[in-house]
Amino acid sequence: MGVKTVQQAENVTLIVEDLVQQLRSNIDVLLQRFDTEQLSSIVRQLESLHGVVFCTGVGKSGIIAQKIAMTLSCSGTKAFFLSPQDALHGDIGAVGKEDMVFLEECSVNLKKQIENISLFGVPVFLCLNVFAHDTRREL
């Protein structure tokens, strides 16, 4: 790491300021679309849950689902990551009627995944990534 010139430092400052402004804008959009009633409903169901929360997703969504499962586990809720590929090959049998499935997903097969999980009679929660440029139809 060499010595930065004044111009380089100014450029870094501008970049950081722009990044912070983008983050602020994204948080504003999140707050506008945040559904506190939906979150309250999920929390109430988690509080009364006697089973396990299975979090699932593929790719980056799978990484997020793993982190959600770890966070829930750290807060005292029994939660595990369930790989969708493994679920298709028999691990779905681990899901019982007292459990809950949390889908972190944005795939073309989402409707079918929800239908399949619903066959087990467990509640399904869906986490969607929503961006400022998304239209109502896309959501």
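Predicted model: local features only at pLDDT ≥ 70, side-chain atom pairs only at ≥ 80, totals over all residues.
The expected span of a helix is taken as 1.5 Å times one less than its number of residues, and helices (H or I, at least four residues) and strands (E, at least two) are DSSP runs, numbered from the N terminus. Residues are numbered from 1 along each chain as its sequence is written, local features need pLDDT of at least 70, and side-chain atom pairs count only at pLDDT 80 or more. Totals for chains, interfaces and linings use all residues, whereas side-chain values use heavy atoms, with hydrogens and water left out.

Ser61, Gly62, Ala65, Ala69 and Leu72 are the buried residues of H3, where buried means under 20% relative accessible area, exposed means over 50%, and partly exposed lies in between (1.4 Å probe, protein chains only). Seen down the axis of H3, these buried residues fall within an arc of 100°, so they line one face of the helix; the arc is that of the directions from the helix axis to the C-beta atoms. An α-helix has 3.6 residues a turn, so residues three or four places apart point the same way. On the other side of H3, Lys60, Lys67, Met70, Thr71 and Cys74 are exposed. The cover over the buried residues of H3 includes helix H2 (36-48) together with strand E1 (53-56), strand E2 (79-81) and strand E3 (100-104), with contact meaning heavy atoms within 4.5 Å. Just after H3, Gly76 takes a positive phi of about 100°.

Gly62, one of the residues of helix H3, counts as buried at 3% relative accessibility. Not counting residues up to four places away in sequence, Gly62 touches Gly57 and Phe81, and its C-alpha atom is separated by 9.1 Å from that of Leu103, 41 residues apart along the chain. Phe81, in turn, is found in strand E2 and counts as partly exposed, with 29% relative accessibility. Leaving aside its neighbours within four places in sequence, Phe81 is in contact with Gly62, Ala65, Gln66 and Ala69, and also with Cys55, Thr56 and Gly57. The C-alpha atoms of Phe81 and Ile64 are separated by 9.9 Å, and these two residues are 17 residues apart along the chain.

Strand E1 is joined to E2 by three bridges and runs parallel to it, while four bridges join E1 to E3, again in a parallel arrangement; two strands are said to pair if DSSP finds at least two bridges between them. Within these pairings, Ala79 in E2 is the bridge partner of Val53, and Thr56 stands opposite Leu103 in E3. Both faces of E1 are covered, with Val53 and Cys55 buried on one side and Phe54 and Thr56 buried on the other.

Val52 lies in the loop between H2 and E1 and is buried, with a relative accessible area of 15%. Val52 touches Lys78, Ala79 and Phe80, as well as Glu98, Asp99 and Met100, not counting residues up to four places away in sequence. Val52 and Phe80 are 28 residues apart in sequence and 7.5 Å apart in space, C-alpha to C-alpha.

Turning to the cysteines, Cys55 counts as buried at 0% relative accessibility, whereas Cys74 is exposed, with a relative accessible area of 73%. A search of the whole structure finds zero disulfides, a disulfide being a pair of cysteine sulfur atoms within 2.5 Å.

In helix H5 (residues 110-118), Leu110, Gln113 and Ile117 are buried. They cover an arc of only 60° around the axis, which puts them on the same side of H5.

Buried residues make up 24% of the 139 residues, and among contacts between residues at least 6 apart in sequence, 61% join residues at least 24 apart. The protein exposes about 10,300 Å², of which carbon and sulfur atoms supply 59%; accessible areas come from the Shrake-Rupley method with a 1.4 Å probe, and for residues only the protein chains shown count as cover.
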